[in-house]
Amino acid sequence: MPILNPSYSTDNFYDEMMASGGQIRPHYGRLHERLGTLSEDDFNKRRAAVDLAFLRRGVTFTVYNDSEGTERIFPFDLIPRIIPAKEWAQLEAGLIQRITALNLFLHDIYHEQKILKDKVLPAAQILTAKHFRREFMNFSVPKNIYIHICGTDLIRNHAGNYLVLEDNLRCPSGVSYMLENRAAMRRAFPNVFQNYGVQPVEGYADQLLKDLRYIAPKAGSKPNVVLLTPGVYNSAYFEHTFLARQMGIPIVEGRDLIVKSSKVYMRTTAGLVQVDVIYRRIDDDFLDPYVFRSDSVLGVPGLVSAYRAGNVSLANAIGTGVADDKVIYAFVPKMIKYYLDQEPIISNVPTYLASDPKDRKFILDNMEKLVVKSANEAGGYGMLIGPAASKSEVADFKAKVAENPRNFIAQDPIMLSRSPTWCDGKLEGRHIDLRPYILYGEKITVTPGGLTRVALRKGSLVVNSSQGGGSKDTWVLRGES
Amino acid sequence: MLLSLQHKTTFVYKGEAKDSVNDLRLCPASDTLQQCRSFKLTITPTASPLEYLDFNGNIVHSFSIIEPHPSLTIQAESEVETVPNSERKPIYVASFDELKNSPEAYQFAEFLTPSSYITFDDVLKSEAEKLIRNDRRDVWSEAKRVGAHIFKTFKYSPGSTGVKTSALESLRIRSGVCQDFAHVMIGLCRLHEIPARYVSGYFFNTLRREGEIEASHAWVEVYIPNHGWTGFDPTHDREADERYIKVATGKDYADIIPVSGTYRGGITKKLTVDVNVREISRTSIPA
Amino acid sequence: MPQNEKQPVSRPQANVMLSRVAHSLYWMSRYIERAENTARLLEVNQQFLLDFEGFDDTALKEHWGSILASADEDKLFKTIHDVADSVNVTDFMSLDPRNPNSILSCIFSARENARMIRDQISIEMWETINELYLFLKGKDRKEIWSRGPYEFFEDIKRHSHLFQGLTESTFSRTEGWEFIQFGKFIERADKTTRILDVKYHILLPDASDVGGALDTAQWQSVLRSASALEAYHRFYVHEILPWKAAEFLIFSETFPRSLYYCVTRVDELLCRILAETGPRRRTSAARSSKRLLSDLQSLAIDDVLKKGLHEFLIDIQKSLDHISNDVVETTMFYKAETSIEEQQMQQQQQ
């Protein structure tokens with residue numbers, strides 16, 4: 001029985017494959033044709049092969065509900081998400097514009113703070129932000145790059161327009177899945193893949209290594225680059241080892257490093273070996289128990305003093321978390337205007353700040369129609385999806401917002417786009433988002449595609465891995481179809 | 001006034017310490033009211049400190065001692081000249097509206113919010129509420145009033161609190177030392193919308209008796225538009241004048257810790273602090 | 001028109017070995033070897049007692065006591081059990097978590113070390129050890145013994161062999177490989193000395209029993225404990241003469257569990273690990289290892305018996321300890337780092 005069924009419906013959402021009149025969008029043409037020739041049996045065989053490969057290769061994430069930790073395969077859907085070249089070019093330009101502005105913003109607020117002096121952004125919000133690292137004011141970062149690796153989440157609304165959902169500037173993950181998914185797809189659909197002309201993503205690790213070397217403290221002979229991981233207990237540990245292996249660099253934990261005379265060394269069987277660049281997958285708070293005064297055993301005491309002395313470079317720089325805040329997100333369009341004198345190529349989701357009196361009134365008056373989120377401050381009050389919430393839940397949230405307005409933002413709910421996904425034996429539309437990966441080195445590189453996350457449960461908007469999400473490969477074409 | 005300072009800190013460890021990484025905030029500041037003429041740091045075992053300015057503009061000397069050592073001594077010696085009282089500008093009388101609309105308002109957002117030692121809990125809030133007046137006039141008078149209130153209602157009692165005592169804890173027992181008095185005054189000022197910051201430094205006690213404790217001192221600075229940060233000492237209920245030598249400022253004690261650091265090894269058996277503040281008589285300075 | 005995908009450049013593996021990783025590889029290997037040897041020892045002795053039914057209580061006690069003594073576990077055993085009988089000793093050495101050298105403890109420790117370096121070992125290696133761990137974790141003692149001890153010991157041995165085989169076929173011959181092998185052979189050498197030493201602790205009822213049925217059976221079980229019985233027979237034809245059995249297990253150049261064989265490998269690996277290239281050894285461990293090896297090369301069984309087999313074996317254990325501690329100190333100086341203390345802060349008091 002063929003897997004394409006006539007009952008496939010877009011249900012009035014923007015569907016990646018099918019336009020509202022039922023026509024197949026040109027860039028999905030080849031895929032649609034191919035799917036038409038596959039039987040369910042065929043399809044299932046390919047799925048099973050891919051799943052087994054993932055299992056064997058250990059492409060997992062770990063869910064820790066006991067000290068053991070269960071390894072789960074991040075569910076993968078075989079139907080790729082396809083983006084034609086011109087559409088991607090637009091996204092690429094928008095992402096480059098955005099990371100350029102964010103980087104300039106970070107440099108500015110850790111130096112002259114012009115954007116605050118010119119009152120473009122509210123100083124109070126920035127200076128009291130949880131992740132604003134005041135210890136690093138006036139600190140010069142190598143090559144003035146703060147954000148070396150960024151994962152910006154994009155969604156598409158019912159009109160088919162891309163919007164930025166959020167920027168992830170601290171330790172964005174998912175790259176390993178992107179790379180593994182691509183490898184899986186080439187095995188599962190070799191011919192379709194070849195015929196389409198999909199832009200490659202395999203160069204990611206090479207580019208990342210190049211960018212990491214670029215920020216080494218001393219120019220010249222090959223700098224020693226390492227990846228610093230919190231260790232086996234971290235749910236993204238697989239990705240850390242994967243990337244380290246792809247780049248051919250050592251993967252270390254805090255206890256493998258020692259700082260002597262403000263230089264960082266690895267403890268090896270051949271003695272101490274100096275480290276020049278650290279790609280750190282540990283949050284600022286846990287990096288150096290001395291500076292951030294945590295009880296963390298994950299970090300390296302004295303690492304910050306070595307960083308400050310310019311003897312070791314860190315990617316991403318310390319302090320990028322301030323731009324990760326949902327409140328700051330709302331100001332990114334203003335940053336693009338202020339630093340680049342341009343209009344944003346990709347818009348934000350319309351956002352209201354509870355700390356602004358006008359917005360606050362709007363939020364409280366319309367809460368049942370809005371999505372309300374905690375701004376990532378201490379606490380974590382969660383999220384309210386107004387249209388789906390009960391009256392008492394809404395009332396609760398109104399109280400929380402009224403009490404602590406700085407901690408909340410609200411957004412219009414967006415009807416996320418959908419993509420055909422294999423669900424229990426047939427193809428149905430499921431909501432998706434997109435996380436492209438942006439690397440900032442000598443130049444800014446945006447990996448074509450990225451991780452498309454899909455909410456596997458029917459009607460669900462949650463793409464998170466631990467809550468029923470999965471992923472798809474993203475094909476950015478060299479042409480239009 | 002020309003003053004000489006000595007601040008000696010000695011740690012004796014149980015066994016030995018190693019991999020010691022430290023930050024010192026001991027060097028007196030230079031600003032419109034004082035100039036640091038000289039500063040010398042002697043560290044035993046020997047270490048060469050790296051100097052930098054932290055986010056509050058304080059001078060920090062950081063150093064590390066990797067090899068095992070049974071004790072650590074840090075001796076800071078400096079000479080500071082403070083602007084005589086007679087030459088100081090009278091404090092500007094600024095209204096609260098002027099404060100709100102001041103062009104530098106963006107700078108002191110963090111001095112109006114809680115910090116690690118100073119949380120805005122109910123106890124502090126109700127104390128602030130008791131103090132608030134509808135007819136408050138200008139920023140400085142209000143600040144002085146808050147300071148005086150603490151001076152009058154708190155007991156100066158060494159030993160009743162420790163270095164980690166929070167403003168809340170001190171307020172509960174209404175006693176403490178200058179560190180605590182400063183914390184509580186800052187908390188109350190902030191709740192009264194007066195930007196307030198913590199100052200660490202020294203005070204030249206002209207009435208010092210033989211054998212009386214000399215230690216580092218803490219007081220408060222509040223921001224007055226058209227004037228700047230202005231110091232008030234709640235422990236003595238007076239303005240910070242030429243006898244006061246400022247070393248560092250910050251949101252609270254955590255930002256100015258004179259000697260802070262970490263190491264690996266035995267616990268600290270003994271911590272000794274010796275502070276010495278003397279006036280250098282002008283006639284004894286070579287021409 | 002199909003377009004050619006550029007193949008990703010394959011990168012040479014980073015050629016630095018972290019001390020912590022070496023440490024985990026070494027201990028993972030040692031613990032598995034230890035578990036296997038213990039399993040074999042216990043299995044053989046269980047069998048031995050079945051064969052020799054005519055043992056009275058004292059003799060049994062002596063027999064099991066000797067197993068404990070040779071393994072240096074008698075002191076701990078006494079704090080937990082009163083009587084050294086078949087059930088108690090077997091349980092103590094197999095499944096008692098209070099005994100850090102029980103088979104259970106060894107497998108748990110091996111697995112923990114393997115987990116710490118998951119990305120260094122192949123997925124097959126990991127799955128093998130994890131499976132064994134999950135099996136042991138999931139069952140209580142009664143269940144395991146209910147299947148019969150033989151089944152249990154076979155399981156352990158099988159997993160160990162499988163693990164070693166997988167390591168052999170899936171672990172790249174890098175520095176990590178050397179640490180794994182070093183751990184294995186050091187442990188094996190040590191265990192061989194203890195297997196031989198069992199005989200020392202068993203007193204024969206009467207001097208005239210030397211060479212008698214009991215004596216021979218005991219030596220036979222010693223050989224079996226080292227899986228050496230068949231190899232011995234091929235080498236020495238039929239009779240099991242006590243001193244020949246000892247000679248075989250100490251000096252055989254070809255049998256892979258003999259002391260000579262193990263120490264030869266230890267020496268080889270150690271020189272690679274410590275980068276000892278010249279004829280004169282620089283490091284203390286390498287000097288000890290060379291001395292030990294030359295003893296095994298130049299001594300004969302008569303020399304050993306003259307000195308006393310027990311004393312000889314204890315000396316070897318000491319040397320092995322010294323060698324392994326030294327290598328650990330030098331390359332894996334992974335002393336648990338002391339925790340960080342905060343410099344005491346001074347209150348501003350004036």
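In the predicted model, C:R34 touches C:N101, C:C106, C:E187 and C:K191, when residues up to four places away in sequence are not counted. C:R34 belongs to helix α1 of chain C, which covers residues 19–51. The residue is classed as buried because 26 C-beta neighbours lie inside 10 Å, and the cut-off for a buried residue is 20 or more. Within chain C, the C-alpha atoms of C:R34 and C:V44 are separated by 15 Å, and the two residues are ten residues apart along the chain.

Chain C also meets chain B. The contact involves 13 residues of chain C and 30 residues of chain B. On the chain C side, eight of the residues are polar, three are charged and two are nonpolar.

Chain B itself is divided into two domains. Domain 1 of chain B consists of two segments, 2–83 and 257–281, while domain 2 of chain B covers 89–256. A distance of 24 Å separates the C-alpha centres of domain 1 of chain B and domain 2 of chain B. Where the domains meet, 21 residues of domain 1 of chain B are in contact with 17 residues of domain 2 of chain B. Three strands of chain B, namely β1 (2–24), β5 (69–82) and β14 (268–279), each supply at least two residues of the side of domain 1 that touches domain 2. Of the elements on this side of domain 1 of chain B, β14(B) gives the most, with five residues. By class, this side of domain 1 of chain B has 13 nonpolar residues, six polar residues and two charged residues.

The pairing of strand β1(B) was then followed. Twelve bridges link β1(B) with β5(B) in the antiparallel sense, and in this pair B:F11 has B:L72 of β5(B) as its bridge partner. With β14(B), β1(B) pairs over eleven bridges, again in the antiparallel sense. There, the bridge partner of B:T10 is B:T272 in β14(B).

Chain A contains an open sheet of three strands, in the order β8-β9-β10, with antiparallel pairing. The edge strands of this sheet are β8 and β10 of chain A, each of which pairs on one side only. From one strand to the next, the twist averages 40°. Strand β8 of chain A (residues 257–260) and strand β9 of chain A (residues 263–268) are antiparallel and share four bridges. On the β10 side, β9(A) and strand β10 of chain A (residues 271–274) pair over four bridges in the antiparallel sense. In β10(A), A:V273 is the bridge partner of A:M266. A hairpin through two residues connects β9(A) and β10(A).

Helix α3 of chain A (residues 85–109) has 25 residues. From the first C-alpha to the last, α3(A) reaches 36 Å, close to the 36 Å expected at 1.5 Å a residue. Buried residues of α3(A) include A:W88, A:L91, A:L95, A:R98, A:L102, A:F105, A:L106 and A:I109. Also buried in α3(A) are A:G94, A:I99, A:A101 and A:N103. An α-helix has 3.6 residues a turn, so residues three or four places apart point the same way.

Elsewhere in chain A, A:D433 is found in strand β19, which covers residues 426–435. A:D433 counts as buried because 21 other C-beta atoms lie within 10 Å, against a cut-off of 20 or more. Along the chain, A:D433 and A:L154 are 279 residues apart, whereas a separation of 5.9 Å is found between their C-alpha atoms.

Notes: Residues are numbered from 1 along each chain as its sequence is written. Chains are lettered from A and ligands numbered from 1 in the order in which they are written. This is a predicted model: local features need pLDDT of at least 70, side-chain atom pairs count only at pLDDT 80 or more; totals for chains, interfaces and linings use all residues. Two strands pair if DSSP finds at least two bridges between them. Domain bounds come from an automatic or database domain assignment. Two residues are in contact if their C-beta atoms, placed from the backbone, lie within 7 Å. Ala, Val, Leu, Ile, Met, Phe, Trp, Tyr, Cys and Pro count as nonpolar, Asp, Glu, Lys and Arg as charged, and the others, Gly among them, as polar. The expected span of a helix is 1.5 Å times one less than its number of residues. A residue is buried if 20 or more other C-beta atoms lie within 10 Å of its own, exposed if 12 or fewer, and partly exposed in between; C-beta atoms are placed from the backbone. Axes are lines fitted to C-alpha atoms, for helices over the stretch in contact, and angles run from 0 to 180 degrees between N-to-C directions.
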